[in-house]
Amino acid sequence: MKVTENVRLHPKYCLLKLTADRKLPAMIPGQFVQVRVDGSPQTFLRRPISVNYVDRQANELWLLIQLVGEGTRRMAEYQAGDVVNLLLPLGNGFSVPQIPLASKLLLIGGGVGAAPLLFLGDTLKSVGFTPEFLLGARTKDDIVQLPEFEKTGATYVTTEDGSAGEKGFVTNHSVLAAKTFDRIYTCGPEPMMLAVAGYAKAAGIPCDVSLENRMACGIGACLCCVEKTVKGNVCVCTEGPVFNINQLTWQI
């Protein structure tokens, strides 16, 4: 694929937009890609990146990149016109509920973990739902793509230091006490997802989580991303990364 734009959203985040000469393949929210990082001798393995958004009109794929190591720092240097080698689409995505369109859906994201929720929210909206978002981060600087989320649905924010939205964790936000929801989707740091899953289970709300286990191959060959489920160990890259919380053995 070819880079159309690389937007630096923050010193720690960039938004990579890519296109192809042919029509992009069908993709569903929650799937991911494996990026080969050329020009980086220290980066031997492909890097797994969530599908942030698919712009069908522009035939563009968006990837939200957090700069955490040599591979992602190299990706942040890509410029328009650069060619990037990807495997896509990989994994299984979020489920779209077959329930009345009045159902209230809450999408909860933590930090860069909110990335796949933008595509999910847009997809849910396109079939008649009105999704709402709850975004959590350490500080206001870690809340990225807020305008894009706000275009899709009501968006609530919480930060650990209180620099934006309500102070605290997502599970402490007042919207959870003020409203009832019929389904929850979440992605982010594991402690946050565990807390969200615990809340959802206690409230009897179906909940999908997108796991962020380390992935090396993306096709189930290396066994780096194994997760224990009620049916035994599975590779997150092929059986997930999205699971219903009832499939997992988390102590929630």
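1. Buried here means under 20% relative accessible area, exposed means over 50%, and partly exposed is in between (1.4 Å probe, protein chains only). The buried set in H2 is Ala115, Pro116, Leu117, Leu118, Phe119, Leu120, Gly121, Thr123 and Leu124. After the helix comes Gly128, with a positive phi near 110°.

2. A word on the ground rules: this is a predicted model, where local features need pLDDT of at least 70 and side-chain atom pairs count only at pLDDT 80 or more, while totals for chains, interfaces and linings use all residues. Residues are numbered from 1 along each chain as its sequence is written, and side-chain values use heavy atoms, with hydrogens and water left out.

3. Now the overall picture. The chain has six helices and 16 strands; helices (H or I, at least four residues) and strands (E, at least two) are DSSP runs, numbered from the N terminus. For 252 residues a compact globule would have a radius of gyration near 18 Å, and the chain agrees with its 18 Å. That radius is taken over C-alpha atoms, and the globule rule is 2.2 Å times the number of residues to the power 0.38. The C-alpha trace spans about 50 × 40 × 35 Å along its principal axes, and 52% of the 252 residues are buried.

4. Take contacts between residues at least 6 apart in sequence: 60% of them join residues at least 24 apart. Contact means heavy atoms within 4.5 Å. As for charge, the mean positions of the 24 positive and 23 negative charges are 3 Å apart. Lys and Arg count as positive and Asp and Glu as negative, with His and the chain ends not counted; each charge is placed at NZ of Lys, CZ of Arg, CG of Asp or CD of Glu.

5. Back to the inside. In the largest nonpolar core, of 44 residues, those touching the most other members are Leu18, Val33, Val35, Leu61, Leu63, Leu86 and Leu107. Two or more residues come from each of E2, strand E3 (32-36), strand E5 (53-55), strand E6 (60-66), E8, helix H2 (115-126) and strand E9 (132-137). H2 gives the most, five residues. Apart from this core lies another, of 30 residues, among them Leu134, Leu176, Val196 and Cys235. A nonpolar core is a set of buried Ala, Val, Leu, Ile, Met, Phe, Trp, Tyr and Cys residues joined through side-chain atoms within 4.5 Å.

6. Leu107 is worth a click. Leaving aside neighbours within four places in sequence, Leu107 contacts Leu117, Leu120, Gly121, Leu124, Pro131, Glu132, Phe133, Leu134 and Tyr185. Pro97, in the loop between strand E7 (85-90) and strand E8 (105-110), touches Leu105, Leu124, Phe129, Arg183 and Tyr185, not counting residues up to four places away. Pro97 counts as buried because its relative accessible area is 9%.

7. Which way does Lys17 go, buried or exposed? Buried, at 13% relative accessible area. Lys17 sits in strand E2 (residues 13-19), and beyond its neighbours within four places in sequence its contacts are Lys2, Val3, Thr4, Glu5, Glu60, Leu61 and Trp62.

8. Please check the two cis peptide bonds. One joins Leu88 and Pro89, with omega about -15°, and Pro89 lies in strand E7. Another joins Gly240 and Pro241, with omega about 10°; Pro241 is in the loop between helix H6 (236-239) and strand E16 (242-244). Gly91, in the loop between E7 and E8, touches Gln31, Phe32, Cys237, Gly240 and Pro241, again not counting residues up to four places away. Gly91 is partly exposed at 21%, and its C-alpha is 8.1 Å from that of Val242, 151 residues apart along the chain.

9. Two non-glycine residues with positive phi also deserve a look. Asn59 has a phi of about 55°; it is in the loop between E5 and E6 and is buried at 15% relative accessibility. Leu223 has a phi of about 65° and is exposed, at 54%, in the loop between E13 and E14.

10. Finally, Cys224 occupies the loop between strand E13 (207-210) and strand E14 (226-229) and is partly exposed at 48%. Cys224 and Cys235 are eleven residues apart in sequence and 7.9 Å apart in space, C-alpha to C-alpha.
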